[in-house]
Amino acid sequence: MARVILHNVKKNYGKVAVIHGISLDISNGELIVIVGPSGCGKSTLLRMVAGLERITEGTVTIGDRVVNDLEPRERDIAMVFQNYALYPHMSVFNNMAYGLKIAGMDKQEIKERVGQAANLLELEPFLKRKPRQLSGGQRQRVAMGRAIVRNPAVFLFDEPLSNLDAKLRVQMRMEIKTLQRNLAVTSLYVTHDQVEAMTLADRMIVMHNGIAEQIGTPLEVYNNPATTFVAGFIGSPPMNFLSAEVKDGVVHLISGARFAQCSLEDQPITVGIRPESLRFCPAGTGMYDATVRFTEVLGAETLIHLKNHINEDLIIRLDRTDQLPETGSVMGVNSACNDIFLFDKKGSRVHTRLEL
Amino acid sequence: MEKRVTFNNRWLPYLLIAPQIVITVVFFFWPAGQAIYQSAFIPDPFGLKNQFVGIENFTFLLSDQYYRSSFFTTGLFSLLVTGISMSFALWLAVMADRIIKGADAYRTLLIWPYAVAPAIAGVLWLFLFNPSIGILPWYLARMGYHWNHALNGGEAMTLVVIASAWKQISYNFLFFLAGLQSIPPSIIEAAALDGASFSKRFWTIVFPLLSPTTFFLLVVNIVYAFFETFGVIHTITAGGPQQSTTILVYKVFADGFVGQDLGSSAAQSVILLLVVSILTVIQFRFIERRVHY
Amino acid sequence: MSAMVENRSLGLWLTHLALIIGICLICFPIYVAFIASTVTQADLISPPMPLVPGEHFLQNYREALLSGMSAPVWLMLLNSMIMALGITFGKIAISIISAYAIVYFRFPLKNLFFWLIFLTLMLPVEVRIVPTYEVVAGLGLLNSYSGLILPLIASATATFLFRQLFLTIPDELVEAARMDGAGPMRFFVDVLLPMSRTNIAALFVILFIYGWNQYLWPLLVTTDPSMNTIVMGIKQMLPTGDQTVEWPVIMATAILAMVPPVAVVLFMQKLFVKGLVESEK
């Protein structure tokens, strides 16, 4: 268990900067999820903490030690890889015991530790098998077992669930969360899947092009996004964005509808509203009108796709309902003030009071 | 090509690569350098001092009738060995590919000549064709033909070609069979449905698809015929009669060790070196491209 | 796998026949040699020789093994075995560690070394026999096992084979090993070597045969008959001119010379075929 502090961590490949200075303070036992699209630098960040990539600038502290120059095995960490990285010629037992053997632990203790981990992960029947005789989920658990037996200060997870099918992923997600809670080990978890991020994280860090766009708890990030990127990335279906401008203290949608009053200077602006925050009303009576393109009936919820007259797309999410608007019909759309987000032309959130 | 992940040791890689580098330098580059160096000298008649002659050894060789005929002999020899060996192997491979049951047994029975040394192959065929007690000359005599490869150059060439080709059939067979088995059956079936007969299918579809294997084997066989057949020649004909079976590599040995003309032998080695280099480059270039198929 | 879509039984029968004919042609010389090794000289001197095995198997082979002609065959077999195993293990050992260095490390001069090794592909021993002989003689290694083995040990093909193999090993495995605390040599022994088992086995077959069948080089490097290897020693048994020789003994020697490599090929056939075909790619 340990506190992990990243201070202004940067990474350059030659002259190209890929990580632009990330700072993060992780408390003991926290599960931090690093989430972002491919290429945002999340794996690189994790690998710098792991010691598999050199840190160009900044420091990483684990516990009370700055680990920049330490080899992975000296950092008191354990990692679960995306492709599990199990030694194919070794049994499950030996896979888990390998690191301990190298550390010189005596046989009896190794046996105990591996036994405990196997028990925890329900791997006991498989201890003698080789990885190729196991299913994807079982291999994943062995990879975790290998990490657990080392009793590290920090767990690192590099997209461990990406190679599993959807159903298994859901199940494993819960297992990982429970495990982490029980063991209370500080963890860093990388994923591109925002659902995983939302369900697992104590706090998450949303990354984009090497920058941390926002750090916060799942609900904070969801309810209070700091940028258009975060707003659009977290939450499914994604937030609706409409172009607008502020003129004389009034927000005008480019699509023409008058919107709300605010206390901002004149500037172009982006209006963001989440699909579940929109409601239908008769045409002409709401904030503005749009035409229904098609509907997705998912059972517990229904998604309705619309387009306004300047071709901006909108999605509305309704709870289970039998009343579906017809395709091609024009509907009015409404939303409460609190549910409206404003973003400036650079994508940063603008905080202001809105009055309809 | 490099791995993304490497270790950081300073001196360990040197230690690991040292044995191979040392052996390579001592037993490859040093002698090769010597060969190039020596090729510019000829020994004086009393063997006391070597005289520098520049490229004279080379120019002499290129105009020497014996060397030229050796070149020709080698060319003829490799063509025959390669042609016979590959054709026969291809035919056997096509046959073996057609059957499902027993393919393994046939393959076992056909591959073991790979393990036979060329020199031993020479001994075996020498025994078969021995002019006085060999069983084949005896049969030939009964049909009125008297075989004596110790006197007849053409017969000598025939014998060494047979012995050399015989040995190589297995190797070619293995590769052809693997090549044939890697052709997707759906292509063959499609052709059959299009109405192509077996022989038509073979020449228009299978053979072209086999061309990477064929090309590869062509190069390997030529190299084999140039170099590894030394044992065959040395055991059966010692290059004779009258040098009719003196292939280039044999001449290097004969001139260098028996004739003690180190300069000429070295020059011949250098020429052979160029030949191998060209063949190797061709082979690697082609393999590079094959990888990108 | 079959290029034969039509399943006519006549075609099938002909195919089998063709293969059997092929096998007969291929096996013919061996068969004859074996027969010759089991009969007496008298049987052979006036052709045609018999085509069924004779009674003198034990006698001929014993004579070959114990006295041979210039050196007893058992001694030549021993020399061959030592040379072949030396070359095999030697090549595998130095190639695998060189390939490891090339793939898993970054160091100055790496490219130079890589090319040095690559260039040896263009230098088969037959191309450099005279000067290599001089080097070996200069080092005092004539008529010795080292002289037989060392010049044939550096092999670019084995190095490349291992390099190809190592490049296909996932990077994550190395990282996991690093996490587990394994240093480079530990990783090599605990993870890389076991994963290379099949390739090493296939190479073993190929290299053993290569080593055992060496002819030109042992011919040059050994002048003392007690260092003869069986493949080159057999040449000395052959008649020159009108000499009479004991053909049954020669044939027995030839058979004995073939037994170890053929046995190796047959026992490890599956592995060997796979390795041969894959390695040349």
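Hi everyone, a word on conventions before the structure. Residues are numbered from 1 along each chain as its sequence is written, while chains are lettered from A and ligands numbered from 1 in the order in which they are written. Since the model is predicted, local features need pLDDT of at least 70 and side-chain atom pairs count only at pLDDT 80 or more, while totals for chains, interfaces and linings use all residues.

Let's begin with who touches whom. I call two residues in contact if their C-beta atoms, placed from the backbone, lie within 7 Å. Chains A and B have no contact, and their closest C-alpha atoms are 8 Å apart.

Now chain A by itself. Its C-alpha trace spans about 75 × 45 × 35 Å along the principal axes. It has eight helices and 21 strands; these are DSSP runs numbered from the N terminus, helices being H or I with at least four residues and strands E with at least two. Of its 356 residues, 40% are buried, where buried means 20 or more other C-beta atoms within 10 Å of a residue's own, exposed means 12 or fewer, and partly exposed is in between, with C-beta atoms placed from the backbone. Among the chain A contacts with a separation of 6 or more, 63% join residues 24 or more positions apart.

Which of its 264 residues touch the most other members? They are Ile34(A), Ile120(B) and Ala254(C). Helix α4 of chain C, residues 73-104, gives this core its largest share, 15 residues. If we set aside neighbours within four places in sequence, Ala254(C) contacts Ile120(B), Val123(B), Leu124(B), Ala33(C) and Ile234(C).

Two packed helices are described by the angle between their axes and the distance between the axes. Here axes are lines fitted to C-alpha atoms, for helices over the stretch in contact, and angles run from 0 to 180 degrees between N-to-C directions. Helix α1 of chain B, residues 12-38, packs on α4(C) at about 130°, with the axes 8 Å apart. That makes α1(B) oblique to α4(C); under 35 degrees would be roughly parallel, over 145 roughly antiparallel, 65 to 115 roughly perpendicular, and the rest is oblique. Residues in this contact include Pro13(B) and Ile23(B) on one side and Ile94(C) and Ala101(C) on the other.

Within chain C, α4(C) also packs on helix α8, residues 156-167, at about 45° and with axes 8 Å apart. These two are therefore oblique as well. Among the residues making that contact are Lys91(C), Tyr100(C), Phe162(C) and Arg163(C).

Finally, some backbone geometry in chain A. Where is the cis peptide bond? It joins Ser236(A) and Pro237(A), with omega about 0°, and Pro237(A) sits in the loop between α8 (228-233) and β11 (240-247).

Tyr84(A), not a glycine, has a positive phi of about 70°, and Ala85(A) has one near 50°. Are they buried or exposed? Tyr84(A) is buried because it has 24 C-beta neighbours inside 10 Å, and Ala85(A) is buried with 25.

Definitions and conventions
Core = buried A, V, L, I, M, F, W, Y, C linked by C-beta atoms within 7 Å.
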